[in-house]
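Reader: I am new to this structure. Please show me how to read it, one feature at a time.

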Amino acid sequence: MTQKVAVLGTGKIGEALISGMIRAGWTPADLLVTARRQERAEELHSRYGVTPVTNPEAAKNADTLILTVKPQDMGTLLDELAPHVPADRLVVSGAAGITTAYFEERLAPGTPVIRVMTNTPALVDEAMSVISAGTHATADHLAHTEEIFGAVGKTLRVPESQQDACTALSGSGPAYFFYLVEAMTDAGILLGLPRDKAHDLIVQSAIGAATMLRDSGEHPVKLRENVTSPAGTTINAIRELENHGVRAALIAALEAARDRSRALATGTNN
């Protein structure tokens, strides 16, 4: 049986998902999209051949609904959808912080809900998507969701109680690396390098280091020690990072991101 999938609120991540699914073999005719602006919906139709619909039409016609709106907009979207979502629809939420229970309370009893936290590397098919099942979601629902998000990267199942921590690590994670590259580029300029050369040096070093972490099977401490010679340049740099509390700052930053994810679930804006 053909499965129709609708992406609601199709922004950058939603578009990346649509694009990846088509490359993975989904038929554009089986993909529905909604967007806040009509011109955006028409753009997606022109670019990918997908079908623009309204939110209620998506609820009525798709087998799987993927909700990609921002957390603060989710309540309004659910108010619009609830009268039109049968209990056999699979509802997948990509909104940070919002629990599956939030959806289950607002949709028909028994509606299967899955919570997913993906990240912006979905734009280059290198996403990390973390998947948790709600009360009524089955193993088949989880497998179907993994198939969808596997089109744009790697997937990982976790208990929903770990979702806020995963949001802090991987959902927000790319921003930390971009921030680090930005700071290292500024350091390169301070040391006398042109910006473009500093950028190229750092980005390729990051790609190489990430590949080693993924493929070597070595602990990051071991990989770092392999670069750190006695009385050398690297150990002097590491000492300064420790003196400035970089490790403690990272831990505090991730705790703050986790706490914000929890606050989003309660509707707290501050």
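The dialogue below goes from the whole chain to single residues.

Reader: What should I know before I start?

Author: This is a predicted model: local features need pLDDT of at least 70, side-chain atom pairs count only at pLDDT 80 or more, and totals for chains, interfaces and linings use all residues. Residues are numbered from 1 along each chain as its sequence is written, and side-chain values use heavy atoms, with hydrogens and water left out.

Reader: How many helices and strands does the secondary structure of the chain come to?

Author: Helices (H or I, at least four residues) and strands (E, at least two) are DSSP runs, numbered from the N terminus. Here there are 12 helices and 8 strands. The C-alpha trace spans about 65 × 35 × 35 Å along its principal axes.

Reader: How many residues of the chain count as buried?

Author: Buried means under 20% relative accessible area, exposed over 50%, and partly exposed in between (1.4 Å probe, protein chains only). Of the 270 residues, 37% count as buried.

Reader: What do contacts tell me?

Author: A contact means heavy atoms within 4.5 Å. Take the contacts with a separation of 6 or more: residues 24 or more positions apart account for 63% of them.

Reader: What is the order of the strands in the sheet?

Author: Two strands pair if DSSP finds at least two bridges between them. The open sheet of 8 strands runs E3-E2-E1-E4-E5-E6-E7-E8, with mixed pairing. Strand E3 (51-52) and strand E8 (153-157) stand at the edges; each has a single partner strand, so one side of each is left without a neighbour in the sheet.

Reader: Which residues have the most contacts inside the largest nonpolar core?

Author: In soluble globular proteins, nonpolar side chains tend to be buried together. A nonpolar core is a set of buried Ala, Val, Leu, Ile, Met, Phe, Trp, Tyr and Cys residues joined through side-chain atoms within 4.5 Å. The largest one has 26 residues, and Met21, Ile66, Ile114 and Ile148 have the most contacts inside it. Helix H1 gives the most to this core, with 4 residues. A second, separate core of 21 residues includes Leu8, Ala59, Leu65 and Phe103.

Reader: How do I read two helices in contact?

Author: Axes are lines fitted to C-alpha atoms, for helices over the stretch in contact, and angles run from 0 to 180 degrees between N-to-C directions. The axes of H7 (residues 163-171) and H8 (residues 173-190) come within 5 Å and cross at roughly 35 degrees. H7 brings Ala168, Leu169, Ser170 and Gly171; H8 brings Gly173, Pro174 and Tyr176.

Reader: Is Asn55 buried or exposed?

Author: Asn55 is buried, with a relative accessible area of 16%. Asn55 belongs to helix H3 (residues 55-61). Now its polar contact, meaning a pair of N or O atoms within 3.5 Å; within protein, one must be able to donate a hydrogen and the other to accept it, and residues adjacent in sequence count only if both atoms are side-chain atoms. The side chain of Asn55 makes one with the side chain of Thr34 (2.9 Å).

Reader: Is Arg40 buried or exposed?

Author: Arg40, in helix H2, is buried, with a relative accessible area of 12%. A polar atom of its side chain lies 3.3 Å from the backbone oxygen of Gly11. Beyond four places in sequence, Arg40 is in contact with Thr10, Gly11, Lys12, Glu15, Ala35 and Arg47.
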